[in-house]
Amino acid sequence: MYKYLVFFDLDSTLFDKNSQVTDEVAEAMDQIRENGGLPVIATGRTLYEIPETLKKTKIDTAVTSNGDHGIYKGKELFERRIDPHTIDELDDFAKQHGNSITVLDQEGKGASRHDELLKKACAFVHAPLPKLVDRQYWYDRPIDMMFVTTTDLDDVYEEKFGDRLSFYRNSPFSIDVVDYGASKASGIKQLMEMTGLTGIPTYAFGDGNNDIPMLDFVDHPVVMENGRERVKDHAEFVTTANTNHGIVNGLRHFDLI
């Protein structure tokens, strides 16, 4: 049995400014394991996007796609697929507003068009542009994560699709989209229940809006100094920035390493 569980967001949290894991952070993951803890990734990204992260950190348990997908010890544990007919409607609605959609599963991703906001959104997280795809793509694949390019239409999308999809503003240029009711918290809860990891002290590190459900769910929420101010309201402890030993300082604050 593990002594504690620690859930880590990636962008602007576990990652440095170049969306990479530093040697210091990788060593901290080793120390967690040596001390009887289990480090877990909890991210809006998919497994397709983070193979090098998993390799360097030696982490094999993760909640991905903002709670729509989970793995435990390298094996798939659960998945929530987004209805392709709903994706059709979202694509039509996005086109009406001059936006694009990008759809992702755990093995790839594709975009409806390469608009300027998509280019900025990808550059923001140091990710390559996804390939262009037609609608058959999301009928053939188990899509469990999407994002829509927009800077200010959050409420418009929420009003139109809020009964079928959940939205998280996680970039100045795009909104993350998942199955209705999915969140990092719902994914973590499902992971813990399916693996018998309940009743163990839980910690989480995050910085963005999509981390709030996770921070509210765990016993000890930690927010990075570089996190959004409204997210810091959900913290038990605000650690230093991700570029200033924030992960290590947060773990040491709670005597986890």
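The crossing of helices α4 and α7 is right-handed, a crossing being right-handed if the near helix is turned clockwise from the far one by less than a right angle, and left-handed if anticlockwise. Before I continue, please note that this is a predicted model, in which local features need pLDDT of at least 70 and side-chain atom pairs count only at pLDDT 80 or more, while totals for chains, interfaces and linings use all residues. Residues are numbered from 1 along each chain as its sequence is written, and side-chain values use heavy atoms, with hydrogens and water left out.

Two packed helices are described by the angle between their axes and the distance between the axes. For α4 and α7 the angle is about 145° and the axes are 12 Å apart; the axes are lines fitted to C-alpha atoms over the stretch in contact, and angles run from 0 to 180 degrees between N-to-C directions.

Which residues make this contact? From α4 they are Thr86, Glu89, Leu90, Phe93 and Ala94, and from α7 Val156, Tyr157, Lys160 and Phe161, where contact means heavy atoms within 4.5 Å. They divide into six nonpolar, one polar and two charged residues. In this scheme Ala, Val, Leu, Ile, Met, Phe, Trp, Tyr, Cys and Pro count as nonpolar, Asp, Glu, Lys and Arg as charged, and the others, Gly among them, as polar.

I turn to the aromatic rings. Rings of Phe, Tyr and Trp (its six-membered ring) pair if their centres lie within 6.5 Å; planes under 30 degrees apart count as stacked, over 60 as edge-to-face and the rest as tilted. The count comes to eight aromatic pairs. In one of them, Tyr4 and Tyr203, the ring centres are 6.1 Å apart and the planes stand at 80°, so the pair is edge-to-face. Tyr4 belongs to strand β1 (residues 4–8) and Tyr203 to strand β12 (residues 202–206), so this pair links parts of the chain 199 residues apart. Both tyrosines, Tyr4 and Tyr203, are buried, that is, under 20% relative accessible area, with exposed meaning over 50% and partly exposed in between (1.4 Å probe, protein chains only). Ring pairs also join Tyr4 and Tyr203 with Phe237 and Phe254 in a cluster.

Phe93 and Phe161 form another edge-to-face pair, with ring centres 5.6 Å apart and planes at 80°. Phe93 is in α4 (residues 84–96) and Phe161 in α7 (residues 154–161), so the pair ties together parts 68 residues apart in sequence. Phe93 is buried at a relative accessible area of 11%, and Phe161 is buried at 0%.

Helix α5 (residues 116–124) has Leu118, Ala121 and Cys122 as its buried residues. These cover an arc of only 95° around the axis, which puts them on the same side of α5; the arc is that of the directions from the helix axis to the C-beta atoms. On the other side, Glu116 and Ala123 are exposed. Among the elements covering the buried residues are β6 (101–104) and β9 (145–149). His126, which follows α5, has a positive phi, near 55°.

Finally, two single residues. Thr64, in strand β3 (residues 62–64), is buried, with a relative accessible area of 1%. Gly227 lies in the loop between β13 (220–224) and α10 (229–232) and is buried at 9%. Leaving aside neighbours within four places in sequence, Gly227 is in contact with Asp207 and Lys232.

Notes
Helices (H or I, at least four residues) and strands (E, at least two) are DSSP runs, numbered from the N terminus.
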